[in-house]
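Subject: Structure handover

Hi,

Here is the structure for your set-up work. My notes follow below it.

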Amino acid sequence: MIRAALYTVVALLLSVCCPGQMAIVNSQDSLFKAPLNGDKIRDHYDYVENTSSVNRNPGIKNEITLAIFHSNNVYPFTVLNSKEQFKEGAYFIKTYGKNKKYTLSNGFLGTGIVPLFDSSAIVVTAYGITPQNKADFQFRVLFNKTNVLVPWQPVRFFSPAYMYGHFSSEGMQYEEMAYLGRFNAPVGNDIIIEVRSLSNPEQLSAVSAFWAKRSPEVIATFTSGTMKSFFELYKYQWKYDFQQPRSTYYGDIKTRPPDSLLHLKNRFTSFNQDLFFYLKDKVRSEKLVEYNLVLNQKDSSGWMANRFDPNIIWLQQLKPGAYRLLLRYAFQRQIVGVYTFTILPAWYQTLWFKILTGIAAMIAFAFLIILYLNRLQRKKLKAAALQKQQVATELKSIRSQFNPHFVFNALSSIQGLITKHDTAGAHQYLSEFSSLMRESLKGSDKEMISIAHETAIMQKYLNLEQLRFGFAYHINVDAAIDSNAVEVPALLLQPLVENAVKHGISGMQEKGALQINFKKDGDSLVATIADNGEGFDPQKATDGFGLRLTKERITLLNQTLHQQQIRLIFNSRKGGTTVTIYFKNGLL
């Protein structure tokens with residue numbers, strides 16, 4: 001009782017709030033006004049009566065023949081004229097079939113019971129009600145079988161007769177038909193229109209329409225190998241178009257039963273890339289059918305209208321994979337049907353073949369890369385060897401220039417002693433100088449020498465210069481550094497030490513002081529040469545010959561020692577100059 005009351009309330013609310021969607025009985029459709037234009041009506045509606053054609057002959061008094069004008073987008077029978085059962089039809093026949101007028105015929109569930117597959121409205125008319133006897137009749141509309149959508153009320157509108165051959169009990173042909181209204185319901189619902197005689201309420205005529213949930217259904221699949229059956233099925237459709245036994249031009253052509261022509265498959269070989277999907281319902285236009293093809297659950301073609309035939313979807317050049325063909329009508333997009341099928345890959349399209357091909361391709365590609373890298377590496381090694389040879393030649397040339405520079409400075413010191421008539425000092429200097437030359441010549445053919453060897457040469461040189469200028473010096477090597485194992489470029493510090501003596505402390509005599517330190521900084525080696533001279537302005541000073549050669553040599557060394565880079569830093573101020581040589585990773 002509660003559910004029925006709720007339905008009644010909903011129906012009344014819909015009839016009040018949404019009359020355009022449910023029922024229009026207070027006005028008349030312009031197509032059904034005089035003069036009646038049958039061609040325009042047929043453009044929008046198909047026509048069906050609730051009794052068979054034999055009842056168009058003169059009948060009993062007060063006999064009413066109801067007619068429904070319904071959408072012709074999708075016909076209420078299948079493409080092969082097979083009949084379909086709906087629960088709504090069973091209810092209607094059971095309730096209104098006492099007079100035996102409602103039987104299965106012409107593809108319908110029963111005369112007067114119309115399934116609708118879109119959301120369009122129906123128009124209901126009645127023969128037997130005329131402007132002269134309209135006061136003897138009333139009609140009402142029920143929503144979902146029992147809920148009153150439009151209560152009992154008289155007929156108010158009339159239209160010229162749409163079909164001839166309807167007669168009254170007196171044998172007079174009706175020239176007008178009653179217009180009951182335009183009705184609609186949401187998908188999944190139904191309405192029933194009842195007409196009764198006020199003089200004989202038991203004499204009831206009724207017609208029903210229900211808006212069924214519907215989506216296109218695939219009933220057969222065809223490939224290039226089954227085209228003979230495809231064309232034979234197509235001829236069968238044309239031979240028995242719409243209704244049996246009426247036939248068309250192909251009426252004299254023999255065809256096999258349709259059941260033997262329907263091939264419904266969902267697995268196809270790789271050679272079947274073009275498929276035809278035969279649909280169940282007879283539709284007016286191919287554009288009313290929409291489909292979306294989904295490959296392997298991810299690649300979607302998107303919804304598109306069918307472009308081939310109202311009952312056939314033709315898919316071309318399909319790739320191997322698992323497909324889901326989603327189907328819907330353009331006028332009922334909320335209901336979607338699904339047909340799944342698979343196209344098997346060819347042997348050369350299988351996963352194992354692709355894996356083997358991929359592995360072979362990767363091996364070939366890797367081999368080509370190795371050949372290319374090997375060739376490129378040989379070129380680089382050759383170029384590096386040439387560059388190294390060139391740098392070594394330049395280093396040798398620069399290093400060969402250190403010796404004359406050093407000898408020149410030493411001879412200048414001897415000359416200074418002789419000028420001072422210090423014969424004993426000159427003799428001692430020559431002795432120390434010869435020892436220094438032997439030490440320097442030992443390392444002249446080597447690019448790298450140990451710190452111990454470098455400091456030994458440095459100490460002999462400073463001893464010589466100390467005889468001349470009387471300054472003090474100190475050489476300190478960090479205890480964490482193995483001076484015999486750690487190597488530095490031969491005589492790299494020597495020109496810097498000479499500059500510190502000559503330009504820093506030579507004029508200070510006994511007040512001059514020179515400090516040389518080798519320290520560890522992580523994996524790097526830091527050498528500093530500090531004097532207490534007057535200093536110089538790095539922006540105004542010009543490099544001497546020895547300093548210029550040292551900088552050129554460091555540049556060339558950095559081209560060959562990629563991980564052990566050398567950096568030269570000057571810090572000159574009033575009261576002294578500090579030269580720092582930073583050997584990056586020099587202890588590795």
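I355 sits in helix α6, residues 351-419. Helices (H or I, at least four residues) and strands (E, at least two) are DSSP runs, numbered from the N terminus. I355 has 45% relative accessibility, so it counts as partly exposed. On that scale, buried is under 20% relative accessible area, exposed is over 50%, and partly exposed is in between (1.4 Å probe, protein chains only).

Before you go on: this is a predicted model, where local features need pLDDT of at least 70, side-chain atom pairs count only at pLDDT 80 or more, and totals for chains, interfaces and linings use all residues. Residues are numbered from 1 along each chain as its sequence is written, and side-chain values use heavy atoms, with hydrogens and water left out.

**Surface patch**

I355 belongs to a nonpolar patch on the surface. Patch residues have over 30% relative accessible area and no salt bridge; like charges are joined within 9 Å, nonpolar side chains (Val, Leu, Ile, Met, Phe, Trp, Tyr) within 5 Å. Areas come from the Shrake-Rupley method with a 1.4 Å probe, and for residues only the protein chains shown count as cover.

**Helix pair**

Two packed helices are described by the angle between their axes and the distance between the axes. Helix α8 covers residues 451-469 and helix α9 covers residues 494-505. Their axes come within 11 Å and cross at roughly 20°. Axes are lines fitted to C-alpha atoms, for helices over the stretch in contact; angles run from 0 to 180 degrees between N-to-C directions. α8 and α9 are therefore roughly parallel to each other. The classes are: under 35 degrees roughly parallel, over 145 roughly antiparallel, 65 to 115 roughly perpendicular, the rest oblique. The crossing of α8 and α9 is right-handed.

**Salt bridges**

How many salt bridges does the structure hold? Seven. Each is a side-chain nitrogen of Lys or Arg within 4 Å of a carboxyl oxygen of Asp or Glu. Here are some of them.

- E194 pairs with R140; the closest N and O atoms are 2.8 Å apart. E194 lies in strand β11 (residues 190-197) and R140 in strand β7 (residues 137-143), so the bridge ties together parts 54 residues apart in sequence. E194 is buried, at 5% relative accessible area.
- R214 pairs with D281, with closest N and O atoms 2.7 Å apart. R214 is in the loop between β12 (204-211) and β13 (218-222), while D281 is in strand β16 (residues 281-283), 67 residues apart. Both R214 and D281 are buried.
- E290 pairs with R328 at 2.8 Å, N to O. E290 lies in strand β17 (residues 289-295) and R328 in strand β21 (residues 321-329), so this pair ties together parts 38 residues apart in sequence. Both E290 and R328 are buried. E290, R328 and R333 are linked in a salt-bridge network.

**Backbone points to check**

A cis peptide bond joins A34 and P35, with omega about -5°. P35 is in the loop between β1 (23-24) and α3 (38-44).

N296 is not a glycine, yet its phi is positive, near 55°. N296 is in the loop between β17 and β18 (299-300). At 37% relative accessibility, N296 counts as partly exposed.

N585, also not a glycine, has a positive phi of about 55°. N585 is in the segment after β29 (576-583).

Best wishes

How values were computed. Left-handed = near helix turned anticlockwise from the far one by under 90°.
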